[in-house]
Amino acid sequence: MNLNLSMWYQAGVFFILALVTAKFIWPPVIGAIDERMKRIADGLAAADKGKAEMIAAEKRVQAQLAAAGEEGKTHIINAEKRAALIIEEARNTAAAEAARIIAAAKADADNQVTKAREELRDQVATLAVKGAEQILKREVNASAHADLLTQLKTEL
């Protein structure tokens with residue numbers, strides 16, 4: 001009988017221990033487990049949300065990179081057009097300057113030719129007067145015969 005009493009005693013202690021555990025120990029452990037499971041679930045949800053946001057951000061970055069690339073290409077094309085325009089303007093300016101220099105040089109050459117002709121006419125007129133003096137054996141007065149000398153210059 002002693003054995004039966006000990007068994008009932010152990011069963012009673014076990015039952016009291018089970019009640020105390022169920023009443024005081026088990027609820028905080030279950031609460032902690034539930035809290036831990038909730039935090040893990042929240043962490044997984046946040047990770048999924050973060051992953052989705054990262055994918056969306058990568059798509060936005062790719063779109064922005066594509067837009068920046070297109071904008072860069074546009075800037076390059078505009079710069080090339082501007083460079084071609086500047087080169088063309090420089091060519092036109094250089095051609096105009098060359099034409100102006102050539103025209104000035106021609107005008108200067110024409111002036112020098114005219115001046116040389118005038119000097120040559122004066123020299124020819126002087127020689128003609130000297131030749132006429134020698135032929136006539138008398139001196140021709142240049143101031144007295146200025147009209148005659150002018151007419152002779154224009155004929156030459």
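User: How many helices and strands are in the chain?

Analyst: There are 2 helices and 0 strands. Helices here are DSSP runs of H or I with at least four residues, strands are runs of E with at least two, and both are numbered from the N terminus. Please keep in mind that this is a predicted model, where local features need pLDDT of at least 70, side-chain atom pairs count only at pLDDT 80 or more, and totals for chains, interfaces and linings use all residues. Residues are numbered from 1 along each chain as its sequence is written, and side-chain values use heavy atoms, with hydrogens and water left out.

User: What makes D42 and K38 a salt bridge?

Analyst: The rule asks for a side-chain nitrogen of Lys or Arg within 4 Å of a carboxyl oxygen of Asp or Glu. The closest N and O atoms of D42 and K38 are 3.3 Å apart, so the pair qualifies. They are 4 residues apart in helix α1, about one helical turn.

User: Why is D42 called partly exposed?

Analyst: Buried means under 20% relative accessible area, exposed means over 50%, and partly exposed is in between (1.4 Å probe, protein chains only). D42 has 42%, so it is partly exposed.

User: How do you know that R100 and E97 form a salt bridge?

Analyst: Their side chains meet at 2.4 Å, N to O, so they pass the same test. R100, at 48% relative accessible area, is partly exposed, and E97, at 35%, is partly exposed too.
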